[in-house]
Amino acid sequence: MKKLLCACLAALALLPASCAQPVEPDISAYDTAGTAEIPVEILGELEEDVLEDLVEAPKYVALTFDDGPRADTTARLLDGLLERGAAATFFVIGEQIPGNEPLLLRMKAEGHQIGNHTYSHVRLLKAEKDAVVEEIHKTETLLKEVLGDSSFWLRPPYGLIGAERSKLIRTPMIYWSVDPEDWKLLNKDKVVAVLGAVQPGDIILLHDFYSTSVDAALALVDALQAEGYDFVTVEELFRIQEVEPQAGVLYARPDRVRTWG
Ligand SMILES: [Zn+2]
């Protein structure tokens with residue numbers, strides 16, 4: 001085709017320089033469908049971590065901590081997360097806030113997300129509607145006093161709220177997809193055993209109220225980072241998955257709504 005074109009252009013005395021030495025390019029090494037493929041011999045020369053970045057999709061997971069803040073355990077957790085470059089989400093109880101304001105400010109400054117876990121850890125499913133609103137509003141007011149205006153997503157205590165009361169909620173609600181039952185086991189190794197169940201996009205439930213949970217959380221971060229996971233806030237997980245969270249909806253993961261069933 002190119003030769004034919006050169007001949008035509010030559011006939012018209014419009015011969016471009018590239019036609020002077022007609023060389024057919026060897027395109028056999030390229031994928032003509034448009035997808036770039038890295039030849040195996042080049043891949044073999046790359047550093048292992050660079051290679052992993054090239055061939056594996058990023059894996060994101062969200063750690064969530066309920067029932068804090070608690071001066072000693074939460075501070076130690078924040079130290080460990082900072083050291084590891086891991087973000088998390090803290091669903092705090094309003095009653096726990098007075099005296100622990102510096103911990104909330106630290107969470108915000110270090111890139112964590114802060115959410116609402118009611119004022120006194122009530123079962124919203126059975127509470128009067130006025131009490132539901134008050135429990136959430138009281139904590140929200142305290143959070144705004146410390147952290148400024150923001151949307152503080154709700155994690156209903158015990159993950160329970162029900163269809164009726166969920167209509168009162170003006171923020172997204174976050175359940176979880178992995179529950180190691182750390183509050184019951186109170187044993188680092190048993191909690192870390194949940195590792196095999198973690199999938200990209202999961203929301204893991206833990207409690208920064210217990211020292212064993214802090215130990216387990218940091219061990220989980222180390223193990224999952226070694227598997228190539230990145231730790232992000234719940235909000236970031238939704239953004240990464242391009243899901244716009246809706247107010248009054250309870251999510252187990254960005255791609256999974258929790259039904260009331
Ligand atoms: Zn709780």
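This is a predicted model: local features need pLDDT of at least 70, side-chain atom pairs count only at pLDDT 80 or more; totals for chains, interfaces and linings use all residues.
The secondary structure of the chain consists of 11 helices and 8 strands. Of the 261 residues in the chain, 34% are buried. When contacts between residues at least 6 apart in sequence are considered, 73% of them join residues at least 24 apart.

Helix H4, which spans residues 71–84, packs against helix H10, which spans residues 211–226; their axes come within 9 Å and cross at roughly 10°. Because an angle under 35 degrees counts as roughly parallel, H4 is roughly parallel to H10. On the H4 side the contact is made by Thr73, Arg76, Leu77, Gly80 and Arg84. H10 contributes Ser211, Val214, Ala217, Leu218, Val221 and Gln225. By residue class, the contact of H4 with H10 comprises 5 nonpolar, 4 polar and 2 charged residues.

Most residues other than glycine have a negative phi, and most peptide bonds are trans. The loop between strand S1 (59–66) and H4 holds Pro69, and Asp67 is placed in the loop between S1 and H4 as well. The peptide bond from Gly68 to Pro69 is cis, with omega near 0°. Asp67, a residue other than glycine, has a positive phi near 80°. Asp67 counts as buried because it has 23 C-beta neighbours inside 10 Å, where the cut-off for a buried residue is 20 or more.

A positive phi, of about 55°, is also found at Glu181, which is not a glycine. Glu181 lies in the loop between strand S4 (173–174) and helix H8 (182–185). With 13 other C-beta atoms within 10 Å, Glu181 is partly exposed, since a residue counts as exposed at 12 or fewer and as buried at 20 or more.

Ile203 belongs to strand S5, residues 203–207. Ile203 has 23 C-beta neighbours inside 10 Å and therefore counts as buried. Leaving aside residues up to four places away in sequence, Ile203 touches Ala62, Thr64, Ile174, Trp176, Ser177, Val234, Ala252 and Arg253. The C-alpha atoms of Ile203 and Tyr251 are 9.5 Å apart in space, while the two residues are separated by 48 residues in sequence.

Definitions and conventions: Residues are numbered from 1 along each chain as its sequence is written. Helices (H or I, at least four residues) and strands (E, at least two) are DSSP runs, numbered from the N terminus. Two residues are in contact if their C-beta atoms, placed from the backbone, lie within 7 Å. Axes are lines fitted to C-alpha atoms, for helices over the stretch in contact, and angles run from 0 to 180 degrees between N-to-C directions. Angles under 35 degrees count as roughly parallel, over 145 as roughly antiparallel, 65 to 115 as roughly perpendicular and the rest as oblique. Ala, Val, Leu, Ile, Met, Phe, Trp, Tyr, Cys and Pro count as nonpolar, Asp, Glu, Lys and Arg as charged, and the others, Gly among them, as polar.
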